[in-house]
Amino acid sequence: MKTLTSILLLALLWVNTSLIAQSPTTKKTKSIDQLMDTKIPSLIEENNVPGIAVAILEGGKIIYQKGYGYADKSNKVKMTTTTGFNIGSISKLFTAWGVMNLVEDGKLELDVPIESYLTRWKLPKSEFDHSKVTIRSILSHSAGLSVHGYPGFHPDSKLPTLEASLNGENGPMRENEAVKVILEPQTQFKYSGGGYTILQLVIEEVTGQKFENYMRKSVFEPLHIYNTSFIIDDGIKKNSAKPYDKEANEIYLERFTAKAAAGLQTTLDDMSTFAKAQFWENIVLNQETIQEMTQIIPITKTKRSAYGLGYATYNFGPIKVTGHAGTNTGWEAGFMMDFEKKDGIIILANSSNGKKVAINTLQTWAKWRMTQQK
């Protein structure tokens, strides 16, 4: 999980979209299908990206959905809307839905100390006030917690337990980086994938289920997203695109103990269904809860973004979108929604070079959307 890379992607987009906003308005001459069909094939070729899948919403409905390039270059398997992708830190958004489902059911409270739910592990002692480390502060990255992000593991590696991971036993890249309080909670923004690993444990503690099973039964199946999973089984592997590094070499599909923060596999079709659930009635969360989750918590504001409960809000010149970005080795993903207009875009790529293609695709959508509104 490389969230900083994703934030830089969004910052670049903000700058470029601001420039677009200052340019003279041009009459829309192409449909979004024509624009994407013209733009994306050349983008993936120029940037040595095997494939990309894109969906666009307008008024809460999917108006465009398509895969380009290859899910598997060596076997010439085409990218489709049913191809599987890892979505990096967008996993956190789904985890937030799982947490808030428990809040709606009265099994969790947003503002009680997180340790009141924990028996298998406790926060290491610190000089800071642990009573302020709450579900609300963890969801909004304002709990003052450590561990920005996590590396993935090789498929043949033995994964550490949740408790071991929280204690810092995450292999040589994150060895001895335990999740702990390093800043006074509820005073400033501090992005923490480690906080979402705590939430993963909380879900297991209060439900008596494995995190991945709870998410399947309580979030994925009720939303009818059946090709979305935190479990990398044979079905998920068979359906998944191959990930590629910056040199376009095929690499292995990483595994995660910190599933809640970075381990979700899904498809464009399922992401589109999830996107529509943001705007219309669903049986997982009511609209009042989703509205609360998207509200900005003032202390999380930075130059380019601000957070609610699981959701980040980004200002791209005249356009404000809310959602999340995600990056893991071999993957790039974006989920950006305009809750006021019920518009949005989803971008999934199976390459560490996917950032460049994502930036340009987002810019194309933003410019097209602006001409639509004139």
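**Entry 1: the sheet**

I looked up the sheet and found an open one of eight strands in the order β3-β2-β1-β10-β9-β8-β7-β6, with antiparallel pairing. Its edge strands are β3 (77–78) and β6 (305–307), each of which pairs on one side only. I note that this is a predicted model, in which local features need pLDDT of at least 70 and side-chain atom pairs count only at pLDDT 80 or more, while totals for chains, interfaces and linings use all residues. Residues are numbered from 1 along each chain as its sequence is written, and side-chain values use heavy atoms, with hydrogens and water left out.

For my terms, strands (E, at least two residues) and helices (H or I, at least four) are DSSP runs, numbered from the N terminus. Two strands pair if DSSP finds at least two bridges between them. Strands of a sheet pair through backbone hydrogen bonds, either parallel or antiparallel.

**Entry 2: the two ends of the sheet**

I started at β3. Strand β2 (residues 61–72) is joined to β3 by two bridges, and the two run antiparallel. The bridge partner of Asp72 in β3 is Val77.

At the other end, β6 and β7 run antiparallel and are joined by three bridges. Tyr307 stands opposite Ala312 in β7. The hairpin of β6 and β7 has four residues between the strands, and Gly310 there takes a positive phi near 90°.

Next I followed β7 to strand β8 (residues 319–328), where five bridges hold an antiparallel pairing. Phe316 has Ile319 in β8 as its bridge partner. This hairpin has two residues between the strands, and Gly317 takes a positive phi near 60°. I also checked cover: four of the five residues of β7 (residues 312–316) are buried. Buried means under 20% relative accessible area, exposed over 50%, and partly exposed in between (1.4 Å probe, protein chains only).

**Entry 3: strand β10**

I then looked at the faces of β10. In a regular strand the side chains alternate between the two faces of the sheet. Both faces of β10 are covered, with Asp343, Ile345, Ile347 and Ala349 buried on one side and Gly344, Ile346 and Leu348 buried on the other.

The hairpin of β9 and β10 has four residues between the strands, and Lys342 in its turn has a positive phi of about 60°. Lys342 is partly exposed, at 25% relative accessibility. I found another positive phi in a residue other than glycine at Ala248, near 65°. Ala248 sits in the loop between α8 (234–239) and α9 (259–262) and is buried, with a relative accessible area of 9%.

**Entry 4: the nonpolar cores**

A nonpolar core is a set of buried Ala, Val, Leu, Ile, Met, Phe, Trp, Tyr and Cys residues joined through side-chain atoms within 4.5 Å. The largest one has 75 residues, and Phe94, Trp97, Leu139, Ile198 and Ile346 have the most contacts inside it. The largest share of this core, seven residues, comes from α3. A second, separate core of 30 residues includes Ile44, Val49, Ile52 and Ile347.

I listed what Ile346 touches, not counting residues up to four places away in sequence; among its contacts (heavy atoms within 4.5 Å) are Leu268, Met271, Ser272 and Ala275.

**Entry 5: helices**

Thr361 lies in helix α12 (residues 354–373) and is buried, with a relative accessible area of 1%. Leaving aside neighbours within four places in sequence, Thr361 is in contact with residues including Ile52, Ile345 and Ile347.

Last, I looked at helix α3 (residues 91–104) and helix α6 (residues 193–207), which pack at an angle of about 35° with their axes 11 Å apart. Axes are lines fitted to C-alpha atoms, for helices over the stretch in contact, and angles run from 0 to 180 degrees between N-to-C directions. The contact is made by residues including Val99 and Leu102 of α3 and Leu199 and Ile203 of α6.
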